[in-house]
Amino acid sequence: MKVEVLLFASLRDAVGRTIAVEVPEPATVTSLRRALEAAHPAIARFGTRAKLAVNEAWAGETDPVSPGDTVALLPPVAGG
Amino acid sequence: MPFLSADPLDPISLLGVVRRGRDGGLALFVGVVRDENEGHRVDRLEYEAYGPMAEKEMVRISTDLARSHPDAQVLFRHRVGALMVGDVAVVVAASAPHRAEAFAACRAGIEAIKARVPIWKREFGSSGAVWVEPCGESSHQHESD
């Protein structure tokens with residue numbers, strides 16, 4: 001399935017506002033991460049410091065990613 | 001009321017909202033923009049949020065704080081957009097019957113915000129434009145601006 005991923009801050013500057021990748025079903029956060037890293041060296045450089053959010057909540061590595069989910073890849077947060 | 005604000009924050013007014021008649025202790029944390037970071041001059045910061053998720057995450061933090069600090073009430077706001085040195089970036093106001101719980105709830109609030117809310121800041125100063133990372137790491141992207 002094709003997953004569109006939102007990017008923010010330094011990741012958006014490096015890669016773009018959104019990217020789309022193809023991931024085999026059933027997809028998980030880990031399999032999506034691997035697809036993103038394979039498609040974009042800039043994402044691979046972040047490694048696991050970049051975290052995925054699914055449907056506007058932090059996702060764990062084994063969480064599923066389903067068609068239609070809102071997915072975002074987020075660099076380390078720095079609020080405050 | 002949304003947690004993110006594009007307009008200046010007023011810490012004292014948040015204290016006025018959080019306090020209850022039974023509370024004898026109010027604790028307030030105010031985070032402001034510093035004029036230096038790791039030895040270089042800072043002129044201004046731009047805060048960016050993943051807005052819809054940031055709002056939801058701050059609701060979840062409120063729920064968690066109500067559970068972990070049941071005697072306290074905690075309110076907080078975070079600024080987004082362009083901030084100058086000295087501007088208020090974040091406010092956490094906590095209210096409880098006694099000071100220990102007010103301080104503890106306020107501390108727990110700011111720590112959760114810093115760890116969990118998808119907000120980033122870009123620093124403009126003597127090092128150019130830099131995305132600020134936690135733990136002192138910064139990915140430098142020097143630009144002329």
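## Open sheet of chain B

In chain B, 4 strands make up an open sheet of mixed pairing, in the order β1-β5-β7-β2. The edge positions belong to β1 (4-5) and β2 (25-32) of chain B, each with a single partner strand, so one side of each has no neighbour in the sheet. The model described here is predicted.

Within this sheet, strand β5 (residues 73-79) of chain B and β7(B) run antiparallel and are joined by 6 bridges. Phe76(B) has Val92(B) of β7(B) as its bridge partner.

## Helix α2 of chain B

Helix α2 of chain B covers residues 51-68, and its 18 residues should span 26 Å at 1.5 Å a residue; the end C-alpha atoms lie 25 Å apart, which agrees. Its buried residues are Met53(B), Ala54(B), Glu57(B), Met58(B), Ile61(B) and Leu65(B). Viewed down the axis of α2(B), these buried residues fall within an arc of 130°, so they line one face of the helix. On the other side of α2(B), the exposed residues are Val59(B), Thr63(B) and Arg67(B).

## Strand pairing in chain A

With strand β2 (residues 18-22) of chain A, β1(A) runs antiparallel through 5 bridges; Glu4(A) is bridged to Ala20(A) of β2(A).

With β6(A), β1(A) runs parallel, and 3 bridges join the two. Leu7(A) has Leu73(A) of β6(A) as its bridge partner. In general, strands of a sheet pair through backbone hydrogen bonds, either parallel or antiparallel.

## Nonpolar core

The largest nonpolar core has 59 residues, and those with the most contacts inside it are Ala72(A), Leu73(A), Val92(B) and Ala94(B). Strand β7 (residues 88-96) of chain B supplies the largest share of this core, 7 residues.

Which residues is Leu73(A) in contact with, leaving aside its neighbours within four places in sequence? They are Val5(A), Leu7(A), Leu11(A), Leu36(A), Ile43(A), Ala50(A) and Leu52(A).

## Contact between the chains

Chain A gives 15 residues to the contact and chain B gives 23 residues. On the side of chain A that touches chain B, the elements giving two or more residues are α1 (9-15) and β6 (71-74) of chain A. The largest share of that side, 3 residues, comes from α1(A). By residue type, the side of chain A that touches chain B divides into 10 nonpolar, 3 polar and 2 charged.

## Local features of chain A

Phi of Ala9(A) is near 55°; Ala9(A) is found in helix α1 of chain A and is buried, with 25 other C-beta atoms within 10 Å. Phi of Glu56(A) is near 65°; Glu56(A) is in the loop between β4 (51-54) and β5 (64-65) of chain A and is partly exposed, with 18 other C-beta atoms within 10 Å.

Helix α1 of chain A also holds Asp13(A), which is partly exposed, with 17 other C-beta atoms within 10 Å. Asp13(A) and Pro76(A) are 63 residues apart in sequence and, C-alpha to C-alpha, 14 Å apart in space. Glu25(A) and Pro26(A) are joined by a cis peptide bond with omega about -5°; Pro26(A) lies in the loop between β2 and β3 (27-28) of chain A.

Terms used: Residues numbered from 1 in each chain as written. Chains lettered and ligands numbered in written order. Predicted model: local features only at pLDDT ≥ 70, side-chain atom pairs only at ≥ 80, totals over all residues. Contact = placed C-beta atoms within 7 Å. Nonpolar A, V, L, I, M, F, W, Y, C, P; charged D, E, K, R; others polar. Expected span 1.5 Å × (residues − 1). Buried ≥ 20, exposed ≤ 12 C-beta atoms within 10 Å, placed from the backbone. Arc of directions from axis to C-beta. Core = buried A, V, L, I, M, F, W, Y, C linked by C-beta atoms within 7 Å. Pairing = 2+ DSSP bridges.
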